[in-house]
Structure formats: structure tokens, C-alpha cells
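Please look over the sequence and the structure below before reading the notes. The points that follow are grouped by topic.

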Amino acid sequence: MAKRTGKAPTLTDVARAAGTSTAVVSYVMNNGPRPVAAATRERVLAAAAELDYRPNRIARALRSRTTGVVGLILADASNPYFGALARHVRAGTG
């Protein structure tokens, strides 16, 4: 694994390391919208792992205009019903 130098690697860095375009890297990281050849996919994933690339969630939220964050205000957190409700919401089964 490559050492971090202070600046997080970008999609462009992964594309350069994999010898492909940023669009192809995006397709691999987002599982679409277009298919990518298996060999190219492996090359992109290997480059991302080598660079320790992690998608920027804030940038993604700004671009998509959605965060996927749910706020939950409870009347009484010590009430077992509300505790169970919070656990189900967190697990995505609520």
C-alpha cells in the first residue's frame, strides 16, 4: 500500500495510475451506468487500492444533492420502544 503524502488521491490520480479515463474509473466505483471490461475493472480497483483511494462522500452529496442522512428526534431515549425504533432506523429496517 502506498503511503499517504497528506493529499488524498483523486479519481484523476486513479485514472492516471490505471491508464484509463476518469469516466471509466467512475463507472467502476459506482457500478455503472456503463459496463467495464473485467480486466480494466481489475486494473482500476488495483490502482485504487494501491493509492488508498476513498470516494469523497461530501463531494458526492453535493453533486447528487442528497446525503442519505436521516435525523431522528426521540421523545424519550430511555423508553424501550424508542430505543428499538432507533436501532431499526439505523439498520435500515424501520
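Arg 54 is exposed because its relative accessibility is 55%, where exposed means over 50% relative accessible area, buried means under 20%, and partly exposed lies in between (1.4 Å probe, protein chains only). This is a predicted model, in which local features need pLDDT of at least 70, side-chain atom pairs count only at pLDDT 80 or more, and totals for chains, interfaces and linings use all residues. Residues are numbered from 1 along each chain as its sequence is written, and side-chain values use heavy atoms, with hydrogens and water left out.

**Salt bridges**

- The count of salt bridges comes to 2, a salt bridge being a side-chain nitrogen of Lys or Arg within 4 Å of a carboxyl oxygen of Asp or Glu.
- Arg 54 forms a salt bridge with Asp 52, with 3.3 Å from N to O.
- The side chains of Asp 52 and Arg 54 also make a polar contact at 3.3 Å; a polar contact is a pair of N or O atoms within 3.5 Å, and within protein one must be able to donate a hydrogen and the other to accept it, while residues adjacent in sequence count only if both atoms are side-chain atoms.
- Asp 52 counts as buried because its relative accessibility is 14%.
- Another salt bridge joins the side chains of Arg 16 and Asp 13, at 3.5 Å from N to O.
- Both Arg 16 and Asp 13 belong to helix H1, where they are 3 residues apart, about one turn of the helix; helices (H or I, at least four residues) and strands (E, at least two) are DSSP runs, numbered from the N terminus.
- Arg 16 is exposed because its relative accessibility is 59%, whereas Asp 13 is partly exposed because its relative accessible area is 26%.

**Backbone geometry and helix ends**

- Most residues other than glycine have a negative phi, and most peptide bonds are trans.
- Asp 52 is not a glycine, yet has a positive phi of about 60 degrees, and its place is in the loop between H3 and H4.
- Arg 65 is not a glycine either, and has a positive phi of about 60 degrees.
- Arg 65 counts as exposed because its relative accessibility is 77%.
- The peptide bond from Gly 32 to Pro 33 is cis, with omega near 15 degrees, and Pro 33 sits in the loop between H2 and H3.

**Two buried residues**

- Val 25 is placed in helix H2 and is buried because its relative accessible area is 0%.
- Apart from neighbours within four places in sequence, Val 25 is in contact with Leu 11, Val 14, Ala 15, Thr 20 and Val 44, contact meaning heavy atoms within 4.5 Å.
- Val 25 and His 88 are 63 residues apart along the chain, and their C-alpha atoms are separated by 34 Å.
- Thr 40 is placed in helix H3 (residues 38-51) and is buried because its relative accessible area is 18%.
- Leaving aside neighbours within four places in sequence, Thr 40 is in contact with Thr 20 and Val 24.

**The largest pocket**

- Rolling a probe the size of a water molecule over the atoms shows where empty space is left.
- On a 1 Å grid over the protein atoms alone, a cavity is a set of points where a 1.4 Å probe fits but cannot get out, while a pocket is an open set with protein on both sides within 12 Å along at least five of seven lines, and lining residues have an atom within 4 Å of a point.
- The largest pocket holds about 210 Å³ of space, where grid points are joined across faces, edges and corners and a volume is the space filled by probe spheres set on the points.
- Residues lining the largest pocket include Thr 10, Leu 11, Ser 26, Met 29, Tyr 53, Asn 56 and Arg 60.
- Helix H1 (11-18), helix H2 (22-29) and helix H4 (57-64) are the elements that give two or more residues to this lining.
- The lining of the largest pocket divides into 5 nonpolar, 5 polar and 1 charged residues, with Ala, Val, Leu, Ile, Met, Phe, Trp, Tyr, Cys and Pro counted as nonpolar, Asp, Glu, Lys and Arg as charged, and the others, Gly among them, as polar.
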